[in-house]
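Please look at the sequence and the model below before reading on.

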Amino acid sequence: MQREAAGAQAPRLTKPGFEDEALPWLDAVYRFSLRLTGGNEAEADDLTQETFLRAFRHWDTFQRGTNARSWLFTICRNVFLRSRERQVRRNESLESELDFAVEAVASAHALHELRQDDPERTFFRSFLDSSIDAAIAGLPDEFRDAVVLSDMEGLAYSEIADVLGVPIGTVKSRLYRGRRLLAKALHDYGREMGYVRGGAT
Amino acid sequence: MTDRPRLNCREAVEQLWAYIDGELPAGDADRVHDHLEACSACSPQHDYQRAFREFLKAQARAGPAVPADLRRRIFLRLLAEEEARP
């Protein structure tokens with residue numbers, strides 16, 4: 001095989017569209033893999049490789065011109081779930097009945113408390129990446145996935161619904177609840193570290 | 001001001017995340033927008049929620065890129081796959 005030794009002439013994949021539509025999401029899939037594995041680099045490495053290998057093998061089933069990113073995230077998460085044989089039904093009762101309007105208000109309330117304690121938003125400038133990563137990793141899986149896909153990767157609700165295989169209403173309640181839990185975790189940490197005043201006065 | 005039905009604070013807050021996420025239909029988003037313009041209680045809340053979301057987004061942008069070595073290994077594996085199953 002001459003391709004690897006081709007030197008200055010970079011080899012190219014011949015499968016139509018894969019390089020242009022799938023490969024640009026390599027960083028995003030790697031980041032998502034890191035989130036899914038709780039920051040385990042070796043596992044994220046395997047997961048990213050396996051995701052792209054599967055995507056490559058099944059590229060003919062991808063609808064060209066639709067969003068390759070959500071498609072790749074779906075594969076990535078499925079590979080991860082299978083590798084963990086995780087009980088995805090475990091938390092179903094936690095959120096299946098939640099009303100997303102109620103969650104939206106509760107989530108706003110959690111941030112409202114934070115705002116009371118930190119009107120200058122020093123909070124947003126004070127955190128170390130590692131403490132935010134730890135707070136995100138500490139969320140229950142279902143809520144973490146929704147928050148990461150929406151707030152960090154910018155997917156639309158309908159795309160997240162596709163990736164997670166749940167209705168949009170469930171996406172909303174998971175997302176709002178995840179945000180509330182995350183705001184609370186960061187708030188608690190911020191108080192501990194003195195970033196926010198602690199106890200609204 | 002328009003003659004659209006006005007939202008109260010509770011209704012506005014219920015829709016605030018969907019509004020910030022850009023997921024509300026245009027008419028609903030307009031009503032939330034009108035409420036925020038007029039309400040000194042909800043407007044700072046909106047700003048703070050939006051800042052929280054931006055804060056998380058900035059974390060993602062600062063996140064790691066795929067290591068060059070992994071990028072290379074994936075690419076070589078795909079090339080090998082292509083040659084094995086053309």
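Between chain A and chain B, twelve residue pairs are in polar contact, counting pairs with both residues at pLDDT 80 or more. The pLDDT cut-off is needed as this is a predicted model. Several helices of chain A take part on the side that touches chain B: helix H1 (18-22), H2, H3, helix H6 (100-117), helix H7 (122-126), helix H8 (129-137), helix H9 (141-152) and helix H11 (168-193) each supply at least two residues. Which helix gives the most to this side? H6(A) does, with nine residues. Sorted by class, the side of chain A that touches chain B has 30 nonpolar, six polar and 16 charged residues.

The contact between the two chains can also be described by residues and by area. On the chain A side, 52 residues are in contact with 40 residues of chain B. The size of an interface is often given as the accessible area lost when the parts come together. For chain A and chain B, the buried area is about 4,500 Å², and carbon and sulfur atoms give 64% of it.

Next comes chain A taken by itself. Chain A has eleven helices and zero strands, and its pattern along the sequence reads α-α-α-α-α-α-α-α-α-α-α. Of its 201 residues, 50% count as buried.

The charged side chains can be followed pair by pair. Side chains of opposite charge can pair when their charged atoms come close. Over all chains, the count comes to 19 salt bridges, and the count between chain A and chain B is five.

One salt bridge joins Arg71(B) and Asp27(A), with the closest N and O atoms 3.2 Å apart. This pair crosses between chains: Arg71(B) lies in helix H5 (residues 68-84) of chain B, and Asp27(A) lies in helix H2 (residues 26-36) of chain A.

A second salt bridge stays within chain A. The side chains of Arg54(A) and Glu50(A) meet at 3.1 Å, N to O. Where do these two residues lie? Arg54(A) and Glu50(A) are both in helix H3 (residues 41-57) of chain A, and because they are four residues apart, about one helical turn separates them. Arg54(A) is partly exposed, at 29% relative accessibility, and Glu50(A) is partly exposed too, at 22%.

Which residues are linked with them in a network of salt bridges? The network is made up of Arg77(A), Asp141(A), Arg144(A) and Asp145(A).

How values were computed: Residues numbered from 1 in each chain as written. Chains lettered and ligands numbered in written order. Predicted model: local features only at pLDDT ≥ 70, side-chain atom pairs only at ≥ 80, totals over all residues. Heavy atoms only, no water. Salt bridge = Lys/Arg side-chain N within 4 Å of Asp/Glu carboxyl O. Buried < 20%, exposed > 50% of the residue type's maximum accessible area, 1.4 Å probe, protein only. Contact = heavy atoms within 4.5 Å. Buried area = accessible area lost by both parts, 1.4 Å probe. Polar contact = N/O pair within 3.5 Å; in protein donor to acceptor, adjacent residues only side chain to side chain. Nonpolar A, V, L, I, M, F, W, Y, C, P; charged D, E, K, R; others polar.
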